[in-house]
Amino acid sequence: MATISSPGVGSQLDVNSIVESLVNAEKVPFEVGLERDTEEVEAKLSALGILKGALSDFQSSVSSLRNSTAFNSKLVESNNSDYVTATAS
């Protein structure tokens with residue numbers, strides 16, 4: 001003869017609450033790991049953004065070096081022409 005039983009009946013245990021607590025306890029390590037991984041990815045993306053900005057600034061700074069006239073410019077200055085005179089060619 002088959003019998004139907006329900007866990008916790010007669011023992012006054014809140015089986016649903018116990019199961020829910022166990023399931024939640026098992027989720028915690030995965031959620032913590034996911035949060036840590038998310039923070040790590042966000043930090044890497046931020047670092048890549050900073051690097052991209054620095055490379056862009058560097059590229060702008062050296063773009064004038066493509067033109068050879070930047071190397072051929074000459075300048076002569078003197079605070080007192082009584083002592084020093086010069087020409088550049």
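A: Start with the whole. The accessible surface of the protein is about 8500 Å², and 57% of that surface belongs to carbon and sulfur atoms. Areas here come from the Shrake-Rupley method with a 1.4 Å probe, and for residues only the protein chains shown count as cover. This is a predicted model, in which local features need pLDDT of at least 70, side-chain atom pairs count only at pLDDT 80 or more, and totals for chains, interfaces and linings use all residues. Residues are numbered from 1 along each chain as its sequence is written, and side-chain values use heavy atoms, without hydrogens and water.

The protein has 2 helices and 0 strands. Both are DSSP runs, numbered from the N terminus: helices (H or I) of at least four residues, strands (E) of at least two. Of the 89 residues, 1% count as buried; buried means under 20% relative accessible area, exposed over 50%, and partly exposed in between.

Glu40 and Lys44 both lie in helix H1, 4 residues apart, about one turn of the helix. Their side chains meet in a salt bridge, 3.3 Å from N to O. The term means a side-chain nitrogen of Lys or Arg within 4 Å of a carboxyl oxygen of Asp or Glu. The whole structure holds 1 salt bridge. Glu40 counts as partly exposed because its relative accessibility is 42%.

Leu51 is also found in helix H1. Its relative accessibility is 47%, so Leu51 counts as partly exposed.

Note on methods:
Buried means under 20% relative accessible area, exposed over 50%, partly exposed in between (1.4 Å probe, protein chains only).
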